Amino acid sequence: MTNNEPTTSIKASGFLKVNQNGSEMFNATRINLGIHSSAIEIQGFVNVGFPEQRYFRLLIDSDTLGGEQEYVAGGKLNFVYYHREGQTIGADKGTFNANLDNVSRRYKLTFKLQFIGIGELDGEIDVTPLIA
């Protein structure tokens, strides 16, 4: 995927939740989807418009098959970023499982990823675009 590909950004319903050590540390109050020709971008936000705004952002190839897979930056799950306190931290290793239904446009993912300086985070995503 290149940065020049057309993107459609739309609001989505569903959830993007992340736990650390069994405790919820992130539960998105706003979710956006970016639909690219070959990938899906999911962004979940907390405290939008406030100085303590946080978000998770990920990009996954739309043809990613289900089943547990190793996370390799630049692979099928291209990247996962967590932004907090003015810093953006990327995942560097772990596993994920995707269930991408491109016909109904329902996207489900789970992940267990290591973030430098944060540790292991467990995430669960289940989103569908809102129809305007």
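This is a predicted model: local features need pLDDT of at least 70, side-chain atom pairs count only at pLDDT 80 or more; totals for chains, interfaces and linings use all residues.
**Entry 1: salt bridges of Lys76**

I found 6 salt bridges in the structure. I began with the one between Lys76 and Asp61, where the closest N and O atoms are 3.8 Å apart. Lys76 sits in the loop between strand S6 (68-70) and strand S7 (77-84), and Asp61 in strand S5 (residues 54-61), so this contact ties together parts 15 residues apart in sequence. I noted a relative accessible area of 22% for Asp61, which is partly exposed.

I then looked up Asp63, with which Lys76 forms a salt bridge at 2.8 Å between the closest N and O atoms. Asp63 belongs to the loop between S5 and S6 and Lys76 to the loop between S6 and S7, so the pair ties together parts 13 residues apart in sequence. Asp63 is partly exposed, at 49% relative accessibility. I recorded Asp61, Asp63 and Lys76 as linked in a network of salt bridges.

**Entry 2: Asp126 and Arg106**

Next I examined the salt bridge between Asp126 and Arg106, whose closest N and O atoms are 2.6 Å apart. This pair links distant parts of the chain, 20 residues apart: Asp126 is in strand S10 (residues 119-129) and Arg106 in strand S9 (residues 106-115). Asp126 has 12% relative accessibility and counts as buried, while Arg106, at 38%, is partly exposed.

**Entry 3: aromatic pairs**

Phe26 is buried at 1% relative accessible area, and Tyr82 is buried at 2%.

For Phe45 and Tyr55, I noted ring centres 5.7 Å apart and planes at 50°, so the pair is tilted. Phe45 is in strand S4 (residues 39-46) and Tyr55 in strand S5, 10 residues apart. Phe45 is buried, with a relative accessible area of 11%; Tyr55 is also buried, with 18%.

I also recorded one aromatic cluster formed by Phe26, Phe56, Tyr82, Phe111 and Phe115.

**Entry 4: charges over rings**

Lastly, I looked up charges over ring faces. Arg30 lies over the face of Phe45, 5.5 Å from the ring centre. Lys17 lies over the face of Phe15, at 5.0 Å from the ring centre.

Definitions and conventions
Residues are numbered from 1 along each chain as its sequence is written. Side-chain values use heavy atoms; hydrogens and water are left out. A salt bridge is a side-chain nitrogen of Lys or Arg within 4 Å of a carboxyl oxygen of Asp or Glu. Helices (H or I, at least four residues) and strands (E, at least two) are DSSP runs, numbered from the N terminus. Buried means under 20% relative accessible area, exposed over 50%, partly exposed in between (1.4 Å probe, protein chains only). Rings of Phe, Tyr and Trp (its six-membered ring) pair if their centres lie within 6.5 Å; planes under 30 degrees apart count as stacked, over 60 as edge-to-face and the rest as tilted. A charge sits over a ring if NZ of Lys or CZ of Arg is within 6 Å of the ring centre and within 35 degrees of the ring normal.
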